[in-house]
Amino acid sequence: MEKEELISYFKSLGLTVHTGTKARGHQGFFLKNRIDISKNTPENRIVPTLLHEFAHYIHSKIEPDMNRTGGKLSVIFSSDNPIYREELIKVTNFVDENSLCIRLYEHKDRVKQKISEQEKIIKKYYPNFQRSKKFKEFDKYIKKSNARYLLKYDRVKLVEGGFFNRKVKLYSIDKLEEDFFDMPQAFAAYIRLKSFQKKQSRISSRINRYKKYYEKPTELFARLVEGLYLDREWVEAIAPNVTRQFFDLLHDGYYKELNKIIAVK
């Protein structure tokens, strides 16, 4: 089916379909018998996105609370075969390369390298330094310096003095040596190391959020449907077990109206 046929068919089932919305920041969105497709979705992505959202609709008929729980693979595929999840992740990586988080992992590696560089600088002066232990020499020094605020933020604005002699000072981790000219090189490196560690933690959190989203059963199922449209032969090759189960259930009517869109084998 093409775009117009799909939309017409969806509407015949009682679904509301909008193709000119913001779709809540996504290419598409399904909620309560309504499918939104973003007006910014490229033409070649409209049909796959419609199918993706329709898969959520079908899933909601099998598991009515799937929007809240994310669904269960054992219900979606009427089996708890553990290999299904592994194969579905492969399909997801094929359908949406963003699920691989390549740029985030590359960024994380660069930050990890920066942390190692700062650690080497510190060890030039303190050979026994360990990231996992307290840096007592630094702790003693930092108590009397405004640089202590840079342990929490990369840039800070401090307001000092009273109403008539008010002074505003701006400090930045990029200007440590300029703002604190008497700071030992090892201590400046330690502050930067801490900054990079916070950045690494933020990147890890983003990766975990993405993985949690992409690996929700309802998303894995929707991307399987999407993948079968994009390249059925390849999806069957990389996910033979789950596609076999999918088509058996499709043939038996388990996926309801989905068999009107995807040809049963």
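This is a predicted model: local features need pLDDT of at least 70, side-chain atom pairs count only at pLDDT 80 or more; totals for chains, interfaces and linings use all residues.

Trainee: Okay, let's take a few. What does E43 pair with?

Mentor: E43 meets K3 in a salt bridge, side chain to side chain, at 3.3 Å from N to O. E43 belongs to helix α2 and K3 to helix α1 (residues 3-12), so this pair ties together parts that lie 40 residues apart in sequence.

Trainee: And is E43 buried or exposed?

Mentor: E43 is exposed, at 55% relative accessible area. K3 is partly exposed, with 23%.

Trainee: Now R68, what's the partner there?

Mentor: D65. The closest N and O atoms of R68 and D65 are 3.4 Å apart. R68 counts as exposed at 69% relative accessibility, while D65 is partly exposed at 31%.

Trainee: I also have E119 on my list. Where does its salt bridge go?

Mentor: To K123, with the closest N and O atoms 3.9 Å apart. The cut-off for a salt bridge is 4 Å, so that pair counts. Both E119 and K123 sit in helix α6 (residues 102-125), four residues apart, which is about one turn of the helix.

Trainee: How accessible are E119 and K123?

Mentor: E119 is buried, with a relative accessible area of 15%. K123 is partly exposed at 36%.

Trainee: Which residues are linked in a network?

Mentor: R85, K211 and E215 are linked through a network of salt bridges.

Trainee: Switching topic: the sheet. What's the strand order?

Mentor: β1-β3-β2, an open sheet of three strands with mixed pairing. β1 (16-21) and β2 (28-31) are at the edges and each has a single partner strand, so one side of each has no neighbour in the sheet. From one strand to the next, the twist averages 15°.

Trainee: Which way do β1 and β3 run, parallel or antiparallel?

Mentor: They run parallel, and four bridges join β1 to β3 (residues 34-38). If you want a spot to look at, T21 stands opposite S38 in β3.

Trainee: What packs on that sheet?

Mentor: Helix α2 (residues 43-62) does, touching β1, β2 and β3. The direction of α2 makes about 20° with that of β2.

Trainee: Last one: where is E257?

Mentor: E257 is in the segment after α11 (240-251). E257 is buried, at 19% relative accessible area. The cut-off for buried is under 20%, so 19% falls on the buried side.

Trainee: What does E257 touch?

Mentor: Leaving out residues up to four places away in sequence, E257 touches Y9, L13, F54, Y57, I58 and K61. Take Y57: E257 and Y57 are 200 residues apart in sequence, yet 9.9 Å apart in space, C-alpha to C-alpha.

Technical notes: Residues are numbered from 1 along each chain as its sequence is written. Side-chain values use heavy atoms; hydrogens and water are left out. Two strands pair if DSSP finds at least two bridges between them. Helices (H or I, at least four residues) and strands (E, at least two) are DSSP runs, numbered from the N terminus. Axes are lines fitted to C-alpha atoms, for helices over the stretch in contact, and angles run from 0 to 180 degrees between N-to-C directions. Contact means heavy atoms within 4.5 Å. Buried means under 20% relative accessible area, exposed over 50%, partly exposed in between (1.4 Å probe, protein chains only).
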